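Hello,

Here is the structure I promised to pass on to you. Have a look at it first, and my notes follow below.

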Amino acid sequence: MVKMNKLKALFILVLLLEIFTTNSINAQEKHNVIRALHFRLLGISLEEAKRLADEASKHRFNTLVIDVLWGASVRLKSFPWIVQVKPWEREDLIEFVRYARAQHLEIVPQFQTLSHQHVLLGKYRPDLMFNQQTYDPNKKEVYDLILPMLDELIDLIKPSAVHIGHDEVVGWELSHFGKFLLQDERPLLAELFLKDVLTMYEHLKSKGIETWMWGDMLISPDEFPDLPEESKRPFHGTLAGYGKQLRAKLPKDIVICDWHYNDEQEEFPSLTAFQKEGFRVIGVTWVKEKTIKNFSRYAAKHNAYGMMATTWGHVQKRNWDIVERIIKISGDTFSKDFADGK
């Protein structure tokens, strides 16, 4: 009888340990689900940024992705040029990070590299550009300039992840109506895109920092023949070597931010295409409520890394009614769909 009681006690102990371990894993999964709000610091005040953090916290976001270098938004010691728009001081950024983290909001800086360089290297060092939108990854001086900026931001923010951009290398669509700025220029070669991603990735990895990037250059429309044409327009991996070929060469611990802004459908197979190849994926939305709700539901169902709401342009235009609507609908939707770490 004593031996049976000991066996019973041992069984109960093992069972309790299993329950405790499972609950700990589930708690960790809950903590790791990303519910992010993205906005640029360009042209907004510290107080306005704090109000955005307040709204994000109110609607249960847990991460802020802040674009800190678009238009040189922060005055860095490593930034060697005179800026045209009054930037934040380093102390402003430190204060904002401290304020956001006090509200349990993690900060992921977006350090826009490679593309959209008309606002940075294209403006100050056109000799380092491959075309009017992308710098030339074959030029060592590019990295002599941008890596010290990145390191200074890392020292100021101390993030666990950095978003390196890399979207719309084919050129960006004005108002998303099909006019590409690079339609008459030579596009960046896929091997140079890869070279730049790996340079940034290895630099961040050496510091123990996770790399996030946009996913549009890594997918092509012909991979998803059943999707409506409008939904395939953001799939920019149409040039030789881009799309599926390119993503096969990327490290699988890069987090892909898969953006869909105007989709009407209920399924988002680009997300699962990334996942099947080993990537963690964050679904990204903008203003359209139907897209926000459908994509969030789909992402949660497929155990995505999380969701991100963007505010493109509306913060800088002070369209606060639109911004508040994005934050409310997105935050409430994300927190519902990803409840309990699902």
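**What I found**

Tryptophan 259 is buried, with a relative accessible area of 5% (buried means under 20% relative accessible area, exposed over 50%, partly exposed in between, with a 1.4 Å probe and protein chains only). Tyrosine 261 counts as buried too, at 7% relative accessibility.

Before I go on, please note that this is a predicted model, in which local features need pLDDT of at least 70 and side-chain atom pairs count only at pLDDT 80 or more, while totals for chains, interfaces and linings use all residues. Residues are numbered from 1 along each chain as its sequence is written, and side-chain values use heavy atoms, with hydrogens and water left out.

**The chain as a whole**

The chain has eleven helices and eight strands (DSSP runs numbered from the N terminus: helices are H or I with at least four residues, strands are E with at least two). Of its 342 residues, 54% count as buried. Among contacts with a separation of 6 or more, 78% come from residues 24 or more positions apart (contact means heavy atoms within 4.5 Å).

**Aromatic rings**

Searching the whole structure gives 15 aromatic pairs. Rings of Phe, Tyr and Trp (its six-membered ring) pair if their centres lie within 6.5 Å; planes under 30 degrees apart count as stacked, over 60 as edge-to-face and the rest as tilted. One of the pairs is phenylalanine 193 with tyrosine 242, which is edge-to-face, at 5.6 Å centre to centre and 75° between the planes. Phenylalanine 193 lies in helix α6 (residues 190-205) and tyrosine 242 in the loop between α7 (229-232) and α8 (244-247), so the pair ties together parts that are 49 residues apart in sequence. Phenylalanine 193 and tyrosine 242 are both buried. For tryptophan 259 and tyrosine 261, the ring centres are 4.8 Å apart and the planes are at 25°, so this pair is stacked. Elsewhere, ring pairs join Phe39, Trp88 and Phe96 in a cluster.

Two arginines have their charged ends over rings: arginine 186 over phenylalanine 130, 3.9 Å from the ring centre, and arginine 247 over phenylalanine 274, 5.7 Å from the ring centre. A charge sits over a ring if NZ of Lys or CZ of Arg is within 6 Å of the ring centre and within 35 degrees of the ring normal.

**Helix α5 against α6**

Which residues of α5 and α6 make the contact? From α5 (residues 140-157) they are Tyr143, Ile146, Leu147, Leu150, Asp151 and Ile154, and from α6 they are Asp196, Thr199, Met200, His203 and Leu204.

**Two positive phi values**

Most residues other than glycine have a negative phi. Leucine 114, in the loop between β3 (106-113) and α4 (121-124), has a positive phi near 75°. At 0% relative accessibility, leucine 114 counts as buried. Lysine 158, which is not a glycine either, has a positive phi of about 55° and is found in the loop between α5 and β4 (161-165). Lysine 158 counts as exposed, at 61% relative accessibility.

**Isoleucine 327**

Isoleucine 327 lies in helix α11 (residues 320-337) and counts as buried at 0% relative accessibility. Leaving aside neighbours within four places in sequence, its contacts are Leu37, Leu52, Glu55, Ala56, His59, Phe61 and Asp332. Isoleucine 327 and alanine 36 are 291 residues apart in sequence, yet 9.8 Å apart in space, C-alpha to C-alpha.

Best wishes

Terms used: Axes are lines fitted to C-alpha atoms, for helices over the stretch in contact, and angles run from 0 to 180 degrees between N-to-C directions.
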